[in-house]
Amino acid sequence: MTQLQTLFGWIGDATWGWALIPFLVVFGGTFTLMSGFVQLRYFGRMWGVLSEGGNRAGGVSSREALLVSIGGRVGGGNIAGVAVAITLGGPGAVFWMWVVAFIGMATSLFECALAQLYKRSEDDGTFRGGPAQYIIHGLGERFTWLAMLYAVCLLASFGLGFSAFQGNTVAVAAQDSLGLDPIWVGAGLALVTLIIVFGGIKRIAQVSDVVIPVMALGYIVLALAVIVLNITEVPAALWTIVANAVGLEEAVGGGVGAAVAQGMRRGLFSNEAGLGSAPNVAAAAAVPHPISQGIVQSLSVFIDTIIICTCTAMVILLGDVYVPGATEVDGVALTQQSLVDHLGGWAQYFLTGAVLLFAFSSIIYNYYLGETALSVLSDTKIARLLLRVAVPVVVFLGAAAPGATAVFFFSDPLMGLLALVNLLALAMLFPVGLRLLADYRRQLRAGAVEPVLEIEDYADLDIDRGAWANPALTRPLG
C-alpha cells in the first residue's frame, strides 16, 4: 500500500503539480485565439437550449445533456473550493477563476464537438462517445492503447473513487446538520442510486432535468438575496477581487502568485474544461451538428464558474466571517458561516440541502462516466451489470465508513493523467475541430437557422453513419 501511495503521489505531482495546469491554460488560450473567440461569438446561441423540449429521437436532448454535465461540474468546488481559493490565494483568486473559465469555454466546446462527431450508436437507440472514442476513431487503431489508458483512469477515478467521496460528503453533511446516522444515509443514497443507474442515460437525464435546475437556481437565488442585502458594498468587493488579482492590494502571503495559482487550480477543478469528462455526456445528445452541442457544453462552464462560483465568492466577501490571511475557518465552513452571518441560522440547513443535491447529481454523473469507460474496456451486459451494482456499493461504503475513503487516494492522480491524455488527443485532432467550426460558420453565413452535419462532407473520417442517419438531425446521404 505504501508503494502504491508513493506511485500515485508521484503521478499527482507530475500532473497537477507542474504539467497539467500550464497545459490546460496554453491549450485553452490557443483554442480561443485560433477559433476567433468562439465563446464570445456564439454566447447568445448558448442560451437557446434552455427552452428546448424533451428527448429527441435517438438520444437525450441537448438540454438534458447540458444539465447532466452541470450536475457533475457543480459541486464541492463551487462551495468549498471557492472558499479554499479565497483563503489561500486571497480575493484575487476569484478573478483568475474567471479567466480560466473563459478560456475553458473554448476548450470544452472543441472537446465536446469532437465527442459528438465520433459518437457511436447503441443497440437501444442511444449514443455513446467521449475521448476514448475520438482517440480510437479519430487518431486510428494504433492509438487504442491510449484510449484504453484513458478509459481505465476514467473508470477508476470518476466511476468509483469520486462516487465514494460524494457518498461521504452527503453522509457527513447530513450527520452534522441533521444528526442522521451515516449508515442509514448511505443505505438510502445507495438505493436511490441503484434505481437511477439501472435506467441508463435516459433516466439519468430525466432526473437531472428536474434536480439540477432546482439545485442551481435555489443556490443562486440565495446568493442574490445576499447581494441585494449588501448591494452598496458590491462595487468594493469587485474592486477587491481585481486589485488583489493584479497586485494593487495584497490579502495573503504570496500576493499575485498565490492568487493566480489558487484561482487557476480551483477553477479547473470546478469546471473540468479540458479534463475529458463532460464530452462523455455531450456525446449522448441528439443534435443536428457537433458544434451545436459544443456550444451548449461551453455554457455549462460559464454557469459553473462565472455564475455559481461568483455567487459563493460574493457570499464570502460581503460578510464579516472572512478575515484576509486567516485560515482558522475555510472550506465549506467558511461559506456556511458566511451565509448564517447574512441570513440567519436557517441558511445552514439550506446549504446542507444544496450540498446533498450537488453530491447526488455528481454521483449519477460519475456513474455514467464509468459506464462509458467500461464500454471501451468490456462492452458486455455482465460487465455493465457489475458496474451498476458496484457503484451503489461504493457509495454506501464511502458514506458509512468515512475512514475507508482513504483507499481512494488514486482518484486525483488518475484524473490528472486522463486529462493529459485528453489534451494530447485534442492537440492532434484540433484541425478536425477547426474544420467542424468552419462548416458551422459557413452554414450560418448561408442563412441556415440551425446548421446540420452533411455526412458526405466527412466521408474521409471514421464516423458512425448510423449515429447521423436520422433525417430529423441531418440531411440524407447523397
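This is a predicted model: local features need pLDDT of at least 70, side-chain atom pairs count only at pLDDT 80 or more; totals for chains, interfaces and linings use all residues.
# A chat about the model

Colleague: Where is Asn-280 placed?

Modeller: You'll find Asn-280 in helix H13, which covers residues 278–282.

Colleague: Is Asn-280 buried or exposed?

Modeller: Asn-280 has a relative accessible area of 2%. Buried means under 20%, so Asn-280 counts as buried.

Colleague: Which residues is Asn-280 in contact with, leaving aside its neighbours within four places in sequence?

Modeller: Quite a list! There are Gly-129, Gly-130 and Pro-131, then Tyr-150 and Leu-154, and finally Tyr-368, Leu-369 and Thr-372.

Colleague: Now Cys-112. How many residues apart in sequence are Cys-112 and Asn-280?

Modeller: Cys-112 and Asn-280 are 168 residues apart in sequence, yet their C-alpha atoms are 7.9 Å apart in space. Cys-112 belongs to helix H6, residues 92–117.

Colleague: And what does Cys-112 touch, not counting residues up to four places away in sequence?

Modeller: Cys-112 touches Ala-278, Pro-279 and Ala-282, together with Gly-294 and Gln-297. The relative accessibility of Cys-112 is 0%, so Cys-112 counts as buried.

Colleague: What about Ser-35, where is that?

Modeller: Ser-35 sits in the loop between helix H1 (2–34) and helix H2 (38–41). Ser-35 counts as buried because its relative accessibility is 0%. Setting aside neighbours within four places in sequence, Ser-35 is in contact with Arg-41, Phe-110, Leu-437 and Arg-441.

Colleague: Can we zoom out? How many helices and strands does the protein have?

Modeller: The protein has 18 helices and two strands. Of its 478 residues, 58% count as buried.

Colleague: What pLDDT does the protein average?

Modeller: The average pLDDT is 82, and 86% of the residues score at least 70. Confidence is highest in helix H7 (residues 131–139), at 94, and lowest in helix H4 (residues 62–73), at a mean of 72. Over residues 471–478 the pLDDT is below 50, and that stretch has 21 contacts in the model beyond near neighbours in sequence.

Colleague: New topic: helix H18. Where does the kink in helix H18 lie?

Modeller: Helix H18 spans residues 411–445, and the kink of about 55° lies at Leu-429, shortly before the proline Pro-431. Just after H18, Gly-447 takes a positive phi of about 105°.

Colleague: How many salt bridges does a search of the whole structure find?

Modeller: Eight salt bridges turn up in the whole structure. In one of them, the side chains of Arg-384 and Glu-122 meet at 3.7 Å, N to O. Arg-384 lies in helix H17 (residues 381–400) and Glu-122 in the loop between strand S1 (120–121) and strand S2 (127–128), so the pair ties together parts that are 262 residues apart in sequence.

Colleague: Which residues are linked with those two in a network of salt bridges?

Modeller: The network links Glu-122 and Arg-384 with Arg-128, Glu-371 and Arg-388.

Colleague: Back to H18. Which residue forms a salt bridge with Arg-435?

Modeller: Asp-460 does, with the closest N and O atoms 2.9 Å apart. Arg-435 is in helix H18 and Asp-460 in the segment after H18, so the pair ties together parts that are 25 residues apart in sequence. Arg-435 is partly exposed at 29% relative accessibility, whereas Asp-460 is exposed at 56%.

Colleague: And which residue forms a salt bridge with Arg-442?

Modeller: Arg-442 pairs with Asp-439, the closest N and O atoms being 2.6 Å apart. Arg-442 and Asp-439 are three residues apart in helix H18, so about one helical turn separates them.

Colleague: Why does that spacing matter in a helix?

Modeller: An α-helix has 3.6 residues a turn, so residues three or four places apart point the same way.

Colleague: Last one: is Asp-439 buried or exposed?

Modeller: Asp-439 counts as buried, at 8% relative accessibility, while Arg-442 is partly exposed, at 39%.

Notes. Residues are numbered from 1 along each chain as its sequence is written. Side-chain values use heavy atoms; hydrogens and water are left out. Helices (H or I, at least four residues) and strands (E, at least two) are DSSP runs, numbered from the N terminus. Buried means under 20% relative accessible area, exposed over 50%, partly exposed in between (1.4 Å probe, protein chains only). Contact means heavy atoms within 4.5 Å. pLDDT is the predictor's confidence in each residue, from 0 to 100. The bend at a residue is the angle between axes fitted to the seven residues ending there and the seven starting there. A salt bridge is a side-chain nitrogen of Lys or Arg within 4 Å of a carboxyl oxygen of Asp or Glu.
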